[in-house]
Protein chains: 2
Amino acid sequence: MMKPLNIGIAGFGTVGGGLAEVLRDNADWTKRRAGREVRLKMVCDLDESKKGLIESFGAAYTKSLDDILNDPQIDVAVELIGGTGVAKDFIIKAIKAGKHVVTANKALLAEYGDEIFPLATKAGVYLGFEASVAGGIPLVETIKGALAGNRVEGMLGILNGTANYILTEMTDKGMAFEPALADAQAKGYAEADPTLDVEGGDPAHKLTLLIQLAFGVHYPFEKLPVTGISVVKPIDIGFAREFGYEIKLLAHAKYIDGKIEAGVFPALIPSDYMLAKVKGSFNAVRLEGNAGPVMLMGYGAGDRPTGSAVLADIMSVAKGVPANVFGFEDDVLPEADILNLDDAVSPHYLRFIVPDKTGLLRDIGGVMADHGISIAQAVQKGQSEAPGEGVPLILLTHEAKADDIHRAMDDADSRGLCLERAMHYRIF
Amino acid sequence: MMKPLNIGIAGFGTVGGGLAEVLRDNADWTKRRAGREVRLKMVCDLDESKKGLIESFGAAYTKSLDDILNDPQIDVAVELIGGTGVAKDFIIKAIKAGKHVVTANKALLAEYGDEIFPLATKAGVYLGFEASVAGGIPLVETIKGALAGNRVEGMLGILNGTANYILTEMTDKGMAFEPALADAQAKGYAEADPTLDVEGGDPAHKLTLLIQLAFGVHYPFEKLPVTGISVVKPIDIGFAREFGYEIKLLAHAKYIDGKIEAGVFPALIPSDYMLAKVKGSFNAVRLEGNAGPVMLMGYGAGDRPTGSAVLADIMSVAKGVPANVFGFEDDVLPEADILNLDDAVSPHYLRFIVPDKTGLLRDIGGVMADHGISIAQAVQKGQSEAPGEGVPLILLTHEAKADDIHRAMDDADSRGLCLERAMHYRIF
């Protein structure tokens with residue numbers, strides 16, 4: 001019988017509480033799985049009112065992170081503080097103290113991973129971050145392990161439940177972005193400051209980590225192109241539906257001839273794709289491997305889903321699974337050779353608002369032809385509701401370079417063909 | 001730099017060929033992932049015409065399994081012979097020779113696992129079988145590892161692509177079972193002897209393994225209740241659709257108060273469930289954990305999907321992942337306490353064929369009431385097409401015990417209310 005594995009948690013919020021619950025409720029089970037007892041020895045939180053709750057889980061309460069760092073009996077430091085300040089300092093100190101580290105902190109690892117990961121590799125400690133990418137979906141270890149034989153060449157994911165919930169509400173109820181966001185905030189699905197969720201920062205953090213896991217290259221977070229969903233209008237959701245597509249906030253990455261094309265942005269996917277059917281606060285990722293596609297789906301956030309992902313990493317430490325941060329032998333991953341999204345080739349959806357007069361389809365069509373863009377479908381919608389209001393003109397293009405699409409939009413503007421700037425979405 | 005890992009393959013069919021291809025095409029990648037080279041050293045196959053192909057992969061050809069068993073340089077024996085005869089003997093000898101074993105043989109492990117698994121545990125060798133459960137879907141290692149913190153309490157899976165393809169064709173094209181099967185055979189999706197696929201034996205093998213992995217108990221294969229899809233009629237697929245359900249061949253297992261309720265059978269699931277949207281030859285499993293649901297989907301069979309799963313296991317050996325057959329510390333899993341499916345409680349779909357005369361709904365309703373079965377919806381379809389032909393009467397029940405449903409069906413028969421034996425399906 002091996003000795004118990006002692007863990008110390010830094011930060012006792014939603015995920016910490018979920019972890020403590022799962023540890024308590026599944027204690028015997030965890031022991032059967034891991035081959036040894038996993039003990040919650042200490043919890044650090046600045047909020048003293050949590051002392052009673054923490055002690056009810058059999059753990060010692062402290063206000064000082066040093067108490068965890070300096071306790072030689074603590075084998076695993078679980079960082080659930082969040083942010084890139086105190087959390088970063090804590091993780092680095094824990095690694096240097098020879099402790100294994102488990103964290104749910106995607107922002108920290110996406111932005112400072114190139115500093116933290118090599119430290120863990122050098123120290124030979126386990127650095128688990130299953131919980132940092134899509135909470136309850138077992139993505140990190142799966143890409144490193146059970147899927148390692150199926151080389152991933154592309155991935156498309158819905159990696160933010162809040163944005164997906166808002167888009168689902170906009171789609172199903174025809175709501176505009178602002179009221180849908182307000183509704184999500186009122187229901188507790190969106191935070192008071194929703195920027196990271198709705199503007200794509202959160203899925204971009206996750207995608208940065210997934211790119212390293214799947215492709216074995218480091219794509220600097222600050223270089224990742226990101227567009228959120230606040231630009232999405234109900235009119236485009238409606239037209240997309242008419243053409244058989246849904247608008248989703250997608251995290252996209254593709255390996256093309258040694259280069260990586262990646263970004264987070266709203267785009268159209270066919271309504272009969274499984275990803276299009278991922279509703280509400282669920283997350284899902286479709287991995288396109290050279291031995292076939294695999295899709296994983298589940299809760300991307302929440303106390304127990306994320307807590308259980310933290311526990312999975314703790315159990316890997318308990319079982320003695322070899323430390324292997326990104327599932328590659330490299331100590332430091334090589335820098336990604338980045339393909340500019342402007343050069344990406346795909347079909348596009350374009351929506352113009354044009355004056356309600358004849359000849360506009362011919363004129364816009366002329367602009368497209370001038371830029372070598374081939375049109376697959378065109379629909380000009382009926383009459384304007386009020387004089388001078390304009391009518392929507394929708395184009396679905398064949399494969400075209402994003403840059404050519406932008407130039408065609410500029411051209412349509414400069415020729416005075418549109419009443420407002422056109423909207424365009426990539427189609428997958 | 002660690003020394004190369006040498007593998008020997010026994011049986012060079014579809015999966016063996018897929019593995020050799022993936023090993024060759026991803027050689028550098030595999031080395032980066034595994035930290036050492038993985039070499040295909042020897043392949044055994046009785047068919048001498050494959051010698052050239054095998055040698056083209058850089059491997060030695062042999063007709064004798066002993067050549068693999070007796071080669072001290074071969075670290076991993078990959079069993080792709082299939083069946084429960086020669087394959088069993090080979091695996092046992094390989095384990096006793098101290099070799100790690102990787103296999104895609106679900107039938108062997110489901111039927112003789114209680115003999116083989118303890119041998120591997122005792123010898124301390126790795127016994128990988130990722131490829132034996134749903135081919136390209138990373139289920140085995142995921143349940144043992146990345147999902148270990150989310151205790152599975154129920155699972156519902158589509159685990160046979162052939163049966164799912166046939167049901168999809170029957171559903172989309174209104175075909176009867178026999179022509180849909182013949183069509184699948186003509187297209188190469190079903191084998192000449194389709195029994196294992198269409199009668200549920202194949203998904204039952206997989207479910208037997210999944211139960212051990214997820215619940216940590218041994219459910220003897222021969223005790224698992226199995227019904228195939230040859231009983232499914234287009235009329236029921238059509239009515240199910242009208243009520244908002246799809247008929248799928250489901251592998252079902254649930255942990256209820258320490259007991260296991262499990263079986264493979266066609267059943268109704270709501271059309272808006274993700275599982276209902278799994279079409280054609282795809283496989284998918286929904287795992288209901290106590291920290292939330294997770295769904296995994298992908299190809300359940302095929303050369304490269306299955307070959308890549310075999311390779312994932314080989315890479316785990318290469319990386320030194322601790323041997324741990326079922327992801328539990330137990331050397332031998334305890335026997336499952338089996339809940340009889342007759343005692344299972346769920347809503348049911350019932351279709352009677354009754355004479356085209358008044359009062360039948362009252363009479364059938366009376367039978368249901370006599371057995372304490374509460375009706376949620378009832379629909380009696382129009383007039384019979386020819387005198388004496390009868391009309392369908394469909395009932396959807398509230399939660400009822402399967403046994404009570406059977407008794408009510410017997411009762412309706414003995415009272416002479418039906419023109420043929422009623423059909424019933426469980427509803428999930």
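# Close-up views of a predicted two-chain model

View 1. Residues are numbered from 1 along each chain as its sequence is written, chains are lettered from A and ligands numbered from 1 in the order in which they are written, and side-chain values use heavy atoms, with hydrogens and water left out. Cys44(B) has a relative accessible area of 5% and is therefore buried, and Cys418(B), at 15%, counts as buried too; here buried means under 20% relative accessible area, exposed means over 50%, and partly exposed lies in between (1.4 Å probe, protein chains only).

**View 2. The interface of chain A and chain B.** The contact (heavy atoms within 4.5 Å) takes 58 residues from chain A and 58 residues from chain B. The area buried between the two chains is about 4,700 Å², of which carbon and sulfur atoms give 54%; buried area is the accessible area (1.4 Å probe) that two parts lose on being put together, summed over both. On the side of chain A, the residues that lose the most area to chain B are Trp29(A), Arg32(A) and Arg33(A), which together account for 17% of what that side buries.

View 3. Between chain A and chain B the rule finds four salt bridges, a salt bridge being a side-chain nitrogen of Lys or Arg within 4 Å of a carboxyl oxygen of Asp or Glu. In one salt bridge, Lys31(B) pairs with Glu329(A), and the closest N and O atoms are 3.6 Å apart. Helix 2 (27-34), helix 7 (140-144), helix 11 (201-215), strand 11 (292-299) and helix 13 (303-319) of chain A each supply at least two residues of the side that touches chain B, and the largest share, eight residues, comes from strand 11 of chain A. These elements are DSSP runs numbered from the N terminus, helices being H or I of at least four residues and strands E of at least two.

**View 4. Lys206 and helix 11 in the two chains.** In chain A, Asp202(A) and Lys206(A) form a salt bridge whose closest N and O atoms are 2.7 Å apart. Both lie in helix 11 of chain A, four residues apart, about one turn of the helix, and Asp202(A) is buried, as is Lys206(A). In chain B, Lys206(B) is likewise found in helix 11 (residues 201-215) and, at 3% relative accessibility, counts as buried. A polar atom of the side chain of Lys206(B) lies 2.6 Å from the backbone oxygen of Leu159(B). Not counting residues up to four places away in sequence, Lys206(B) touches residues including Lys106(B), Ala134(B), Asn160(B) and Asn283(B).

**View 5. Two loop residues with positive phi.** Ala134(B), in the loop between strand 6 (127-128) and helix 7 (140-144) of chain B, has phi near 60 degrees, a positive value in a residue other than glycine, and is buried with a relative accessible area of 0%. Asp257(A), in the loop between strand 8 (245-256) and strand 9 (259-270) of chain A, has phi near 50 degrees, also positive in a residue other than glycine, and is exposed with a relative accessible area of 76%.

**View 6. Salt bridges within each chain.** A search of the whole structure finds 62 salt bridges over all chains. In chain A, the side chains of Arg421(A) and Asp413(A) meet in a salt bridge (2.8 Å, N to O), where Arg421(A) is partly exposed at 40% relative accessible area and Asp413(A) counts as partly exposed at 30%. In chain B, Arg304(B) and Glu21(B) meet through their side chains in a salt bridge (3.1 Å, N to O). This pair links distant parts of the chain, 283 residues apart, with Arg304(B) in helix 13 (residues 303-319) and Glu21(B) in helix 1 (residues 14-25) of chain B. Arg304(B) counts as buried at 17% relative accessibility, whereas Glu21(B), at 25%, counts as partly exposed. In chain A, salt bridges that share partners join Glu21(A), Arg24(A), Asp25(A) and Arg304(A) into one network.

Methods. Predicted model: local features only at pLDDT ≥ 70, side-chain atom pairs only at ≥ 80, totals over all residues. Polar contact = N/O pair within 3.5 Å; in protein donor to acceptor, adjacent residues only side chain to side chain.
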